Amino acid sequence: MVSREEGLALTPLEYMAVADEVIYSALLRWLFGADSPLGLGARLRILERVAQVSLSGGTAISATTELKNIDLLVVVERPAGTVTIAFENKIKAEESQNQLANYDPHLMSAAKVFLTLTGEPPRSGEGWIALSYAQLRASLAQEVEPYADDPYLRDYLAMIGRLVWAADAVRNEPRIFAAHVFGDTNSLPPPPESARYVATLRLEKALQRIWLQSVARAAEAKLPNKLVKDWVVRVEGGKQALLNVETYAFDVGTLGMQCQYRKLKFFAHPAAYSKVVPTAVQKTRLLDVLMKLKPHLERLTKLGPGPDGWILDLAHGEAARSRCAMGPHPATVTATPTEAAW
């Protein structure tokens, strides 16, 4: 999961930071602030690209971390007026409920950047620009050549380069790397140095979430909207990463699926595991929708981790969300043996 160019010789700071957002935000403060090894012009150009704001005529840059819980505030002084850029930095964590929206009243005139390992869009707030660490690194790469001899800058670029490599590997080689971070012992193991890197930085959960986000995008593309209204995709936390994809079928109720480890589980409401007793019409209609979705679900199983992808498990209803006891899906009660054996 670590590129051969950059090697696996982690810096002492990486061992201390363990991919902690607070430390990585402090490093950004150093990179953009007065003690940066980069010249003023280089820092202005990087900030212009990542924050999509004009900083023409900038004369000085200062940076502060953890002010009113905002990870990083960068202030650029210009004759035309001061420009403030706010960064919310996420590596392992996700945006908490309404987090960015709660910051907005304190950032009325600021440019706002939501920096994440994958470039995922913000869930709340107004005017936040999604930026990935890969994009940040690419922007830095355009400016660092004159400063290539600085050992601290080299270390920082290598640190974020390894993070970007890990995120790319789990998406691009799921049979090995996604399977590894999900604890699939039946799959081919990754190179030992890559497994050690993930374990040292405790990236398993973050990489699970990154891979599930790529699956969520595939689900949105593959699952048909003609059968149902728009699919709502979310990746949730917990002991393991969990993907929920839900929609509302016109005359059935809520349909959805969950991806947990190696199982793709389908659920329905109110036709399954609900206090609301489904009607015969609802059961018939639900089975009809499920049969139409079947080929799309089967294609999604191929995206699963491990050599054989996911196991398609349609015998879970609301219990999959509530962790109650699981039993046969009511919609399969009247199904033929072939249909019930999906």
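## Helix H6

How many residues does helix H6 have, and what span does H6 reach from its first C-alpha to its last? Helix H6, which covers residues 151-172, has 22 residues and reaches 31 Å between those two atoms, close to the 32 Å expected at 1.5 Å a residue; the expected span is 1.5 Å times one less than the number of residues. Helices here are DSSP runs of H or I with at least four residues, and strands are runs of E with at least two, each numbered from the N terminus.

The N-terminal end of H6 is capped by Asp150, a side-chain oxygen of which lies 3.0 Å from the backbone nitrogen of Tyr152.

## Confidence and conventions

This is a predicted model, in which local features need pLDDT of at least 70 and side-chain atom pairs count only at pLDDT 80 or more, while totals for chains, interfaces and linings use all residues. Residues are numbered from 1 along each chain as its sequence is written, and side-chain values use heavy atoms, with hydrogens and water left out.

The mean pLDDT of the chain (the predictor's confidence in each residue, from 0 to 100) is 78, and 71% of its residues reach 70 or more. Confidence is highest in helix H3 (residues 40-51), at a mean of 97, and lowest in helix H12 (residues 337-340), at 28. Over residues 1-6 the pLDDT is below 50, and this stretch has 20 contacts (heavy atoms within 4.5 Å) beyond near neighbours in sequence. Where pLDDT is low, the predicted coordinates should not be read in detail.

## Cavity and pocket

On a 1 Å grid over the protein atoms alone, a cavity is a set of points where a 1.4 Å probe fits but cannot get out, whereas a pocket is an open set with protein on both sides within 12 Å along at least five of seven lines; lining residues have an atom within 4 Å of a point. The structure holds one cavity of 30 Å³ or more, and the largest cavity has a volume of about 40 Å³. Its lining includes Lys90, Thr116, Glu120 and Arg209.

The largest pocket has a volume of about 290 Å³. Of its 13 lining residues, Glu120, Pro121, Arg123, Gln213 and Val233 are the closest to its centre. Helix H9 (204-222) and strand E6 (232-236) each supply at least two residues of this lining, and H9 gives the most, with four.

How values were computed:
A polar contact is a pair of N or O atoms within 3.5 Å; within protein, one must be able to donate a hydrogen and the other to accept it, and residues adjacent in sequence count only if both atoms are side-chain atoms. Grid points are joined across faces, edges and corners, and a volume is the space filled by probe spheres set on the points.
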